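Subject: Structure handover

Hello,

Here is the structure I promised to pass on. Please open it first, then read my notes below.

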Amino acid sequence: MDLQYALELVGTYFFAISGALAIQNKDQDLFGVGFMGFITAIGGGSLRDILIDSYPLVWIENVNFLYAIFAGLITTFLFFNHMTKLRKTLFLFDTLGIAFFTILGVEKCLNLGFRPEVAAIMGMFSAVMGGVIRDTLTNEIPILFRKEVYASACLAGAVLYLSLDYFGVVRNTNLLVSIALIIIIRLVAVRFKLNLPILN
């Protein structure tokens, strides 16, 4: 198992937890919680693959991604009460999910021959759309449309990955450094309440 594949599975696991936790206080049964975790985990990547004409979809081709989702759901079911008491749990798992999916989305597009500019956008797209679907289904304003630094953090990580790749940085190092940048930007932005300028 190489690093990229391991990170894909871990990212899927985190996103499944993020989606399942989003259903708290919505009076949903276990099926509703499970469905939300599933659609959050596969939503962004599936839309990306459809747009770039990459078939079969990853989770259909490789059953291990379904197992990663099931593992995330089981983790949520077992520790749901503990997780919901921690205000920052959803934020943490969502941040880890978008960080992994951004860089892995960029890599996939590059491997399929797309230009770096397109790869960066599609990496960001695959990271944020799962959260957009999750928020829409739970009747929340999608985080993409709030003042939080979200998609821009993904784009920054994607640009860093492409830059380091251009200068020949070792792939695994590049993966970890670029993922870390997205996580750090999100953490710093939330900690210090940093936002992008808004239109007035």
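Where is the place of serine 18? Serine 18 sits in helix H1, which covers residues 3-21. Before going further, please note that this is a predicted model.

**Serine 18**

Is serine 18 buried or exposed? Its relative accessible area is 0%, and under 20% counts as buried, so serine 18 is buried. Look next at aspartate 94. It is 76 residues away from serine 18 along the chain. Yet the C-alpha atoms of serine 18 and aspartate 94 are separated by 5.4 Å. Asp94 is also one of the contacts of serine 18, along with Leu90, Phe93 and Arg134. That list leaves aside neighbours within four places in sequence.

**What the record says**

The UniProt entry is unreviewed. Residues 6-23 are 89% helix and 0% strand. The end C-alpha atoms of that span lie 27 Å apart. Residues 59-80 are 91% helix and 0% strand. Here the end C-alpha atoms are 25 Å apart.

UniProt also lists "domain: Glycine transporter" at residues 6-79 and 92-164, again from an unreviewed entry. Residues 92-164 are 77% helix and 0% strand in the model. The ends of that span, taken at the C-alpha atoms, lie 26 Å apart.

**H1 and H8**

Helix H8 runs over residues 171-191. The axes of H1 and H8 come within 10 Å and cross at roughly 25 degrees. That angle makes H1 roughly parallel to H8. H1 brings Leu3, Gln4 and Leu7 to the contact. H8 brings Arg171, Asn172, Leu175, Leu176 and Ile179. By class, these residues divide into 5 nonpolar, 2 polar and 1 charged.

**H7 and H8**

H8 also packs against helix H7, residues 151-166. What is the angle between H7 and H8? It is about 155 degrees, with the axes 8 Å apart. Angles over 145 degrees count as roughly antiparallel, so that is how H7 and H8 lie to each other. H7 passes H8 in a right-handed crossing. On the H7 side, the contact residues are Ala153, Cys154, Ala156, Gly157, Leu160, Tyr161, Leu164 and Asp165. On the H8 side, they include Arg171, Asn174, Leu175, Val177 and Ser178. Leu181, Ile182, Ile185 and Arg186 of H8 take part too. The contact of H7 with H8 has 11 nonpolar, 3 polar and 3 charged residues.

**H2 and H4**

Now turn to H2 (residues 30-51) and H4 (residues 64-84). Their axes are 10 Å apart, and the packing angle is about 135 degrees. H2 and H4 are therefore oblique to each other. The crossing of H2 past H4 is right-handed. Leu30, Val33, Gly34, Gly37, Phe38, Ala41 and Ile42 of H2 meet Leu66, Ile69, Leu73 and Phe77 of H4. In this contact, 9 residues are nonpolar, 2 are polar and none is charged.

**Arginine 48**

Stay in H2 for arginine 48. Is arginine 48 buried or exposed? It is buried, with a relative accessible area of 6%. Arginine 48 touches Val58, Gly105, Lys108, Met122, Phe125 and Ser126, not counting residues up to four places away in sequence.

**Backbone points to check**

Most residues other than glycine have a negative phi, and most peptide bonds are trans.

- Tyrosine 55 and proline 56 are joined by a cis peptide bond, with omega at about -5 degrees. Proline 56 is in the loop between H2 and helix H3 (58-61).
- Aspartate 53 has a positive phi of about 60 degrees and is not a glycine. It is found in the loop between H2 and H3. Aspartate 53 counts as exposed, at 59% relative accessibility.
- Asparagine 139 has a positive phi of about 60 degrees and is not a glycine. Its loop lies between helix H6 (116-137) and H7. At 71% relative accessibility, asparagine 139 counts as exposed.

Best wishes

Notes:
Residues numbered from 1 in each chain as written. Predicted model: local features only at pLDDT ≥ 70, side-chain atom pairs only at ≥ 80, totals over all residues. Heavy atoms only, no water. Axes fitted to C-alpha atoms, helices over the stretch in contact; angles between N-to-C directions. Helix = DSSP H or I, 4+ residues; strand = E, 2+ residues; numbered from the N terminus. Parallel < 35°, antiparallel > 145°, perpendicular 65-115°, else oblique. Left-handed = near helix turned anticlockwise from the far one by under 90°. Contact = heavy atoms within 4.5 Å. Nonpolar A, V, L, I, M, F, W, Y, C, P; charged D, E, K, R; others polar. UniProt positions renumbered as here; feature names shortened; annotations may be inferred. Buried < 20%, exposed > 50% of the residue type's maximum accessible area, 1.4 Å probe, protein only.
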